[in-house]
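Hi,

Here is the structure I promised to pass on to you.

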Amino acid sequence: MPPVLLGSLLLFLQQTAHADLWAYVDERGVTHFAAERIDERYALYFRGDVFDSATDGRSASSGTGIVPPGVAPAATAAGARRLAYFDIAPEVKRVKHHLRASATRHGLDYELLQAVIATESGFDPQAVSPRGAVGLMQVMPATAQRFGVAREAKRSVEQKLTDPGTNVAAGARYLRHLIDLFEGRLDLALAAYNAGEGAVQRAGHRIPAYRETQNYVKSVLGLYALLKPASTAQAPGPAAALPAGRGAAAGRVRMELAAPAAP
């Protein structure tokens, strides 16, 4: 995201929204998002700590602010123009057809995939994490093989994952699997995408008390909340409605995080 555009967006969202999200643009023009100010490079993107599409900007009983998807910036023409980055930036335009195809195929919101990719890689298809996750959706090679990416004679799985089409297809299929595994709990699916299925299961089907994972889930849901208007938000596929007694319905995105665990 160009620094001027990001600066305008930061200023606008500081005044209008209610969910903490921080961002900075690195020397290569890649935008990085976080749910806390990791260092001095980060500027406030928007403010608050709860996302709940079943509410309408009211405060919860705990006193925390709530914003449904899209309400804060999309409620004004200026906000909508600033969020247009996610449709008009060259790095986004180059891969949006892959996102739309995978979203349709796996019953996911296009905006959810945008939010995951923005948080994972800043739309950099060549990104490689210190742990070896590759590409737009930062897919681990072992996970990619599990979800249909096979090694070829002249191309390793890692090399294939730098291709946006291959990467998004594998990442979206894995995310769909996690949403189904955790019975529509998008927050748990995202936590598992970051920390692994086992970490969420060992935490008693709760978001693990890892600073990175809590930051990640909140960042993705925060971007998703901005990108997806509440009036059109959809549950991510037939398994997205939570089982009775869990306090959520199909089409609802809710996220509330406690203070991050100590490193």
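In helix 11, the buried residues are L186, D187, L188, A189, L190, A191, A192, Y193 and N194. That is nine of the ten residues in the helix, so helix 11 counts as mostly covered. Please keep in mind that this is a predicted model.

The length of helix 10 works out well: with 18 residues at 1.5 Å a residue it should span 26 Å, and its end C-alpha atoms are 25 Å apart, which agrees. Its buried residues are P164, G165, N167, V168, A170, G171, A172, Y174, L175, R176, L178 and I179. Among the elements covering them are helix 6 (96–106), helix 7, helix 8 (141–146), helix 11 (186–195) and helix 12 (197–202).

Helix 7 has another partner to look at. The axes of helix 7 (residues 110–120) and helix 13 (residues 211–227) come within 8 Å and cross at roughly 135 degrees, which makes helix 7 oblique to helix 13. The crossing is right-handed. On the helix 7 side, the contact is made by E111, L112, Q114, A115, V116, A118, T119 and E120, and helix 13 contributes Y216, S219, V220, L223, Y224 and L227. Sorted by class, this contact has nine nonpolar, three polar and two charged residues.

Best wishes

Definitions and conventions
Residues are numbered from 1 along each chain as its sequence is written. This is a predicted model: local features need pLDDT of at least 70, side-chain atom pairs count only at pLDDT 80 or more; totals for chains, interfaces and linings use all residues. Side-chain values use heavy atoms; hydrogens and water are left out. Axes are lines fitted to C-alpha atoms, for helices over the stretch in contact, and angles run from 0 to 180 degrees between N-to-C directions. Helices (H or I, at least four residues) and strands (E, at least two) are DSSP runs, numbered from the N terminus. Angles under 35 degrees count as roughly parallel, over 145 as roughly antiparallel, 65 to 115 as roughly perpendicular and the rest as oblique. A crossing is left-handed if the near helix is turned anticlockwise from the far one by less than a right angle, and right-handed if clockwise. Contact means heavy atoms within 4.5 Å. Ala, Val, Leu, Ile, Met, Phe, Trp, Tyr, Cys and Pro count as nonpolar, Asp, Glu, Lys and Arg as charged, and the others, Gly among them, as polar. The expected span of a helix is 1.5 Å times one less than its number of residues. Buried means under 20% relative accessible area, exposed over 50%, partly exposed in between (1.4 Å probe, protein chains only).
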